[in-house]
Amino acid sequence: MPTWNSRGLRGSTLEELINLTNEKYAEHGLALIQKVPTPITPINIDKESRHITLAYFDQKSTVDYIGAVQGIPVCFDAKECHTDTFPLQNIHPHQVQFMERFEQQQGIAFLLIFYSHRNMAYYLRHERLMSFWKRAEEGGRKSFRYEELEEGYFLPSKGGILIPYLDAMQKDLEERG
């Protein structure tokens, strides 16, 4: 079982950027998005500082964020990538299944990927994620390359918004019809 201080906090820089973006969106009444806490069971607690030093995840989490944008249910997961190749093993089957079900309920699901070596965020539409996922299931590549991403979904920061995913979400909605 993974511990909370081993792999689980790898994307914490990205999550901090998203949290700051979500605060801006909430301040302007544009969206209300919350970080989904991951339930843990503490194993060791430092008696002096009262900090948890070892814990186990209680259950599989679904996605990192959930909420609403102008009345539209939204869920997304945040992933960090250090190369131009994103391994699909970084997305868990239960997360894909949750996002599929969320979309079936008329919600919008997507991934926010931060390519740290390029200092660039990307909005991966659910439909595009599923095309990569199905390709892997059918024996194809188990990853996707930066060059395969759709041009209009890169997220350069603008106007104090660090990860401006609402613009990409709007584009996603327009393309859905």
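Buried means under 20% relative accessible area, exposed over 50%, and partly exposed in between, with a 1.4 Å probe on protein chains only. Strands (E, at least two residues) and helices (H or I, at least four) are DSSP runs numbered from the N terminus. This is a predicted model: local features need pLDDT of at least 70, side-chain atom pairs count only at pLDDT 80 or more, and totals for chains, interfaces and linings use all residues. Residues are numbered from 1 along each chain as its sequence is written, and side-chain values use heavy atoms, with hydrogens and water left out.

Start at strand β8, residues 120-125. Five of its six residues are buried, which leaves β8 mostly covered. Its partner is β7, residues 108-115: six bridges join the two, and they run antiparallel. Strands pair if DSSP finds at least two bridges between them. One of these bridges links Ile113 to Tyr122 in β8. The two strands form a hairpin with four residues between them. Asn119, in the turn, has a positive phi of about 55°.

Now the cysteines. Cys75 is buried because its relative accessibility is 0%. Cys81 is buried too, at 4%. The structure holds zero disulfides (pairs of cysteine sulfur atoms within 2.5 Å).

Move on to Arg141, in the loop between α3 (126-137) and β9 (143-145). Its relative accessible area is 38%, so Arg141 counts as partly exposed. Pro87 is 54 residues away in sequence, yet its C-alpha lies 9.1 Å from that of Arg141. Leaving out residues up to four places away in sequence, Arg141 touches Thr85, Leu88, Arg135, Ala136 and Glu148, where contact means heavy atoms within 4.5 Å.
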